[in-house]
Amino acid sequence: MFEVRHLATLVAVADEGSFGRAAARLGYTQSSVSQQIAVLEKAAGGALFDRPGGPKPVRITPLGAVLLEHGRDLLAREQAMTEAVERFRAGDGRIDIGTFQSVSNVLLPPVIRELRDAHPGCDIRLFEEETDEPDLTALDLMFFDGRLGGDIEHLKLLDDPHVLIARPGDFPAGPVGLDQLHGLPLVAHPAICDQATVEEILETKGIHPQFVFRTVGNEALLAMVRAGLGAAVMPLLAVRRDDESLAFHELEPALPPREIFLLWQAGRTHSPLAAHAIEIAKRVAAGLAQVS
C-alpha cells in the first residue's frame, strides 16, 4: 500500500539526490526519510535507489523510476483535489439556478453581480422556463411564483402586487374598479402559474375579460398595450414604473399579490455558494418590497 506522504518523500529524494537534503526540504529527520523509503521499498518489492555512499548522489533504480512517474502524477492530482476543495469551500464552485422572466429582469441581476464580486471564480448557470410544473432535480435553487408539492423547501421572498396597465388617458387617474375588467380587451400571459390564479379569481367574481392576445413575453404584452390592442393586468415586477408611455392603476378591490419564492430540494446540503446566493436574494428582495 503506497501512502501519499511516502510518495512525496520519494519525489524529494529523487529531486535532491540526497536523503539529507530531502529531509531538510520536507522538515523531517534523515532517519525518518530513510524509514519512509524503506516502507516504500517493502511495498514495491525492491530497491528504489542505488546508494553509492560518500558525497555521490543517490540514483533512482528502474523500479524506483516507475514509482516516481506515477507518484508525481498522484501527488499532482492530490494537490489539484485539495485546491478544488478549498475553492469550493471559499464559494468558487458551481451553482445552477432556475428562474423566470420577471426575476431574471429585476431580482436576479443584483444577486448575480454580488455573487460574482464575492466569488470571482464561481461558475453560475441560469435556466429560465415559464411552466407551472418546474423540475428542481438538477438545480441548486429555483425562483418560482408559487408553492410546489413534494419534498421542496420554500423561502418566500416578497409579495408582487398586480396592477392594471393601460395607455395614458384610457382610464381616469387613480384606482380602477375590478368590475371594470368585465368585457375589457386584455393582453395576457398564457393561463399558467400566476396568470391562471388571477383568471380563476376573476371567474369566481363573475368578471370575464376579453383576452385578445397571449404571450410569455412581458415586452410583447406592453408593446400591445401601447399599440391600443388592450390593457393588461400584470405583476408590478414585470413592468418598469418609470415608463411614461404607460399608465399604472391599482385595482379595487386588490387582487392577491403574486408570491415569489426561492425553492430547493428538501434535505439538501447547500454549497457555500448556494448559501450565499440565498442570503443575497433575501436582501435584494427586501429592498424591492420596500420600493413596491
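Modeller: This is a predicted model. Here three strands form an open sheet, ordered β11-β7-β12, with antiparallel pairing.

Biologist: Which are the edge strands?

Modeller: They are β11 and β12 (247–249), each of which pairs on one side only. On average, neighbouring strands of this sheet are turned by 40° against each other, direction ignored.

Biologist: What packs on the sheet?

Modeller: Helix α7 does, touching β7 and β11, and its direction makes about 145° with that of β11.

Biologist: How is the pairing of strand β7 with β12 to be read?

Modeller: In general, strands of a sheet pair through backbone hydrogen bonds, either parallel or antiparallel. Here β7 (residues 162–166) and β12 run antiparallel and are joined by three bridges. Ile 165 has Phe 248 in β12 as its bridge partner.

Biologist: Which residues make the nonpolar surface patch?

Modeller: Val 212, Met 224 and Leu 229 make a patch of about 200 Å². Leu 229 belongs to the loop between α7 (218–227) and β11 (232–235). Because its relative accessible area is 36%, Leu 229 counts as partly exposed.

Biologist: How many salt bridges does a search of the whole structure find?

Modeller: The search finds 18. In one of them, Glu 41 meets Arg 51 with the closest N and O atoms 3.5 Å apart. Glu 41 lies in helix α3 (residues 30–44), whereas Arg 51 lies in the loop between β1 (49–50) and β2 (59–60).

Biologist: Is Glu 41 buried or exposed?

Modeller: Glu 41 counts as buried because its relative accessibility is 16%, under the 20% limit. Arg 51, at 45%, is partly exposed.

How values were computed: Residues numbered from 1 in each chain as written. Predicted model: local features only at pLDDT ≥ 70, side-chain atom pairs only at ≥ 80, totals over all residues. Heavy atoms only, no water. Patch = residues over 30% accessible without salt bridge, like charges linked within 9 Å, V, L, I, M, F, W, Y side chains within 5 Å. Areas by Shrake-Rupley, 256 points an atom, 1.4 Å probe, with all protein chains shown as cover. Salt bridge = Lys/Arg side-chain N within 4 Å of Asp/Glu carboxyl O. Helix = DSSP H or I, 4+ residues; strand = E, 2+ residues; numbered from the N terminus. Buried < 20%, exposed > 50% of the residue type's maximum accessible area, 1.4 Å probe, protein only. Pairing = 2+ DSSP bridges. Axes fitted to C-alpha atoms, helices over the stretch in contact; angles between N-to-C directions. Contact = heavy atoms within 4.5 Å.
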